[in-house]
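Welcome! Have a look at the model below, and then we will walk through a few of its local features together.

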Amino acid sequence: MKFGTAEVQAWLPGDDASRKAYGRFLEQFGDDQVLFVSWPGCNLTDPRLGKLSSHISTLAAARPELGITHVEDSAGIYRRLIETPGGISADVARERLTGWAIGPDGTCSIALRVSDATNAERAMLVESLRVAAWTEIAVEESELVLAGEPFQVYLIDQASRQTIERFVVPSSLLALFIAWICLGSWRVTCVVFVLAGLGQLLGLALISVFLGEMSAVLVVLPTLIFMLTLSAAIHLANYYRDCGGDKSRLAGAATLAHGALPCGLATLTTVFGFGSLIVSQLTPVWQFGSLAGLGLLISTLILLAVFPAAISLGLRPQDEPLSVAQLQRATPLIDFLSKWTGKYAIAITAMGLLLLLGSAAGLGRLKTSTEFEDMFAADSSAIRSLRWVQEHLGPINALEFVVAIPHVTAATSSAGDASKSDDLLGNAELIQKIHRVLASSQHVSSVMSASTFLPAIPDGVGTRNTIRRSVLRRSLEMHLGDMQVANLPSVQAWRLSARIHNLGAENYREIQTQLRTLIESFIDADKTARGLLVATGQPVTVSITGLRSVIERAHFALLSDLGGSFVTAFVLIAPVMMLIVRGVGSGLLLMIPNLLPVVLVFGSMGWLGIKLDVASILTASVALGIAVDDTLHFMTWFIRSRRLGHSSTDAVRDAMAGCARPMLHTSVICTGSMLPFFFSDFLPTSKFALLMILILSGAILGDLILLPAILQSPLGRLVGKAGQGKRGSVEELR
């Protein structure tokens, strides 16, 4: 199994406007993501800076598999500035680079531009940098500081691998141990465990075949299929026991006859929950839903086909009829719950509805995040390294501004303007002004553009200024590409990169709008820009892009996907419930106990300000499908009992006696299989496990408390009308 996490831009569909704009930007200017290398004490006078930078450049040439496309260090950029023809003083050069190549306290770094790479190549690069730092300049791994998007993707991939290596085996063993305690038989436990393990291996195989590598989002998918297959197997084991178990020759076949329909419907609703994720705009989300749904469907079909034979292996059963007392396995707890929920049915139902409405109000306050800082604990080495860079080098969050200046040609210019045809120096003057305007914003830490490397452009008349302008123009023409300027068919595109203070999802749109308005207002008022509009008929335009813009687009997609996939899951699952109870209103009524745990958990996150990540949105639709599983088994027993003429109260008691135990078993086992993942250092995986545990716990409470209360309340009259004639016996029910 290979590991690899796609960069955020690959999450969005190919026709997404933000992704397309970012793609055009990359084609024109190259990658905007940098891997920073630094260490405490690294400054302009540190001889280790140039030595390591030179060694990495040599390494990049000798080992192309590392993917290093460009290497530069702060000292080299500084020297290039002060050696610029026309003169930039040392103080001015330092001022221009502060906040970008030089930190506020003078800290410097080496910046590497890295091409797209696999996880193995990124790991090789990081290890090579660590070895080079130690062997060349004696900087230990604990002191070496690495930061930037390439390093962050590497850390996410490493976290994915460590999660699989550390927690899959403990998860499986804990589930096995709990299953043995619940089922009380090693033989039955081994049968259900092996069949569930087959589902887990199937999940890994599907990822390998269809995607080729395991991403951070897919880490829990195999365990989720294991958990759900195990749940179905335990319900079948319960039916097996009810059908005579080891004492009946036909118990295996009878198990399939009685259990195939509820297990099949339960799987179908869960597959619908997974399938609802296919509507997502984000690639990892719909991939998760597609593979999980396919894996669960195949593993359940295998389970139903193999279980009767597997459970009978090595047995020599004798046909012995079971007594009524053996069949009726009601316990004092079941008697208490059925009576208590019946006595307070109206109050419990009302409280459930109020809790549902109160939680739903918190859904509007939900926020999303794909921030790297939210993926690891605050005291982790990854976050400490990132914060060190932000403190000593400045913000690394940047917005990319592309100013498109229309070409002035002889055909479009007036006679008086013909001499200014494609006046490169005039364009550079306009960019210098925009650079200063952008840098004046309170949100901007620093700006890097062609203006950073240009001396002041002389604007006076006279021979000396004319010569200086001519020399500067020729220099610009020679180094246009190095200045991050792209000549397109109708416009000349200039890049300005702005580092932003405290840029996050909550203020991104506000900051972006303010900066766009600031630049556009200046362009509208500038006489040079107005002259270009008159000469060409095209305005000077500004667009904002960069990886940060793509990340914010993903933020928006996360929240819309949560609502869209959940509604889709509800629309797909509700008809199954209506079919079971043969009524539209009653089917919708019975969705309340399944909606409550999901809405309660996510509504509470909204009220508490806990952010959703890409793993969190998977839980809503998936958990709804899982929550319906136990409801379907419960309602299967309830409807059978009602058709035999039993009252709602007796039918609830029969349903609890028939399936409360396997419902509790599956909830405890599924919770146990998710529990180890809660301790993962990778927070999205840990949060996914916690949300699944909370929702599964809420679902079992809903099925054993709220659902019986609804069925015994006046609303329950809508569900499962009693049959006519003689009241059926327990044997007939079973």
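Helices here are DSSP runs of H or I with at least four residues, strands are runs of E with at least two, and both are numbered from the N terminus. Please keep in mind that this is a predicted model, in which local features need pLDDT of at least 70, side-chain atom pairs count only at pLDDT 80 or more, and totals for chains, interfaces and linings use all residues. Residues are numbered from 1 along each chain as its sequence is written, and side-chain values use heavy atoms, with hydrogens and water left out.

Let us start with Ser172, whose place is in helix H6 (residues 149-183). Is Ser172 buried or exposed? Its relative accessible area is 9%, so Ser172 is buried (buried means under 20%, exposed over 50% and partly exposed in between, with a 1.4 Å probe and protein chains only). Setting aside neighbours within four places in sequence, Ser172 is in contact (heavy atoms within 4.5 Å) with Phe193, Gln200 and Phe226.

Next comes Arg661, which sits in helix H23 (residues 648-674). Arg661 has a relative accessible area of 36% and is therefore partly exposed. Along the sequence, Arg661 and Cys182 are 479 residues apart, yet their C-alpha atoms are 8.8 Å apart in space.

Now for a pair of helices. H21 (residues 592-608) packs with H22 (residues 616-643) at an angle of about 155°, and their axes are 8 Å apart. The axes are lines fitted to C-alpha atoms, for helices over the stretch in contact, and angles run from 0 to 180 degrees between N-to-C directions. At that angle, H21 is roughly antiparallel to H22 (over 145 degrees; under 35 is roughly parallel, 65 to 115 roughly perpendicular and the rest oblique). On the H21 side, the contact is made by Asn594, Leu595, Val598 and Phe602, while the residues of H22 include Ser616, Thr619 and Ala620.

Most residues other than glycine have a negative phi.
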